[in-house]
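Subject: Structure handover

Hello,

Here is the structure I promised to pass on. Please open it first, then read the notes below.

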Amino acid sequence: MPFSPKEIAMQLLKVGSRKVWLDPSKMETIQKTKTREGIRELIAQGLIKRKFTIRGSYKASRGPFLYLKQDPSLSNLNTNNNVIDQ
């Protein structure tokens, strides 16, 4: 199954499609490259880069999964781990 250069770059950089930047001025050169070796060379030349963001993932910003729903059985859980009820 043939992969696009962006899909190969995603695998090599271990990021999603939104994090891969392809140089728009060299798009013809990038489209001609079909091998992993060629994509590695383009990454070394700087024609393909990984985008960095300041914020983290969407899931991490949502908080812990345990407290998404208000479950009555969880009401007796103590949210402060330093205090022990006796």
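Helices here are DSSP runs of H or I with at least four residues, strands are runs of E with at least two, and both are numbered from the N terminus. By that scheme, Thr33 lies in the loop that joins helix H2 (27–32) to helix H3 (36–45). One caution before the rest: this is a predicted model.

**The chain as a whole**

The chain has four helices and two strands. Along the sequence, they follow the pattern α-β-α-α-β-α. There are 86 residues in the chain, and 16% of them are buried. The accessible surface comes to about 7500 Å². Carbon and sulfur atoms account for 54% of that surface. Now the contacts between residues with a separation of 6 or more: 59% of these join residues 24 or more positions apart.

Is Thr33 buried or exposed? Thr33 is buried, because its relative accessible area is 14% and the cut-off for buried is under 20%. A polar atom of the Thr33 side chain lies 3.0 Å from the backbone oxygen of Thr29. Set aside the neighbours within four places in sequence, and Thr33 is in contact with Pro5, Gly38, Ile39 and Leu42.

**Ile30, inside H2**

Ile30 is found in helix H2. Its relative accessibility is 0%, so Ile30 counts as buried. Which residues does Ile30 contact, leaving aside neighbours within four places in sequence? They are Pro5, Leu22, Asp23, Leu42, Leu47 and Ile48. Pro5 and Leu42 are on this list, and they are on the list for Thr33 too. Ile30 and Lys6 are 24 residues apart along the chain, and their C-alpha atoms are separated by 8.9 Å.

**H1 against H3**

Two packed helices are described by the angle and the distance between their axes. Helix H1 covers residues 5–13. The axes of H1 and H3 come within 10 Å and cross at roughly 75°. That angle falls in the range of 65 to 115 degrees, so H1 is roughly perpendicular to H3. Which residues make the contact? From H1 they are Pro5, Ile8, Ala9, Gln11, Leu12 and Leu13. From H3 they are Arg36, Ile39, Arg40 and Ile43. By class, the contact has seven nonpolar, one polar and two charged residues. Pro5 and Ile39 take part in this helix contact, and both also touch Thr33.

Glu7 sits in helix H1. Glu7 is partly exposed, because its relative accessible area is 36% and that class runs between 20% and 50%. Glu7 and Val20 are 13 residues apart in sequence, and 9.1 Å apart in space, C-alpha to C-alpha.

Lys14 lies in the loop between H1 and strand S1 (20–22). Its relative accessible area is 74%, so Lys14 is exposed, the cut-off being over 50%. Look at the backbone here as well: Lys14 has a positive phi of about 60°, although it is not a glycine.

**Thr53, between S2 and H4**

Where is Thr53? Its place is in the loop between strand S2 (48–50) and helix H4 (58–62). Thr53 is partly exposed, with a relative accessible area of 48%. Thr53 and Lys19 are 34 residues apart along the chain, and their C-alpha atoms are separated by 8.5 Å.

**Where to start**

Begin with Thr33, which is buried in the loop between H2 and H3. Then turn to the crossing of H1 and H3, at roughly 75°.

Best wishes

Methods. Residues numbered from 1 in each chain as written. Predicted model: local features only at pLDDT ≥ 70, side-chain atom pairs only at ≥ 80, totals over all residues. Heavy atoms only, no water. Buried < 20%, exposed > 50% of the residue type's maximum accessible area, 1.4 Å probe, protein only. Contact = heavy atoms within 4.5 Å. Areas by Shrake-Rupley, 256 points an atom, 1.4 Å probe, with all protein chains shown as cover. Polar contact = N/O pair within 3.5 Å; in protein donor to acceptor, adjacent residues only side chain to side chain. Axes fitted to C-alpha atoms, helices over the stretch in contact; angles between N-to-C directions. Parallel < 35°, antiparallel > 145°, perpendicular 65-115°, else oblique. Nonpolar A, V, L, I, M, F, W, Y, C, P; charged D, E, K, R; others polar.
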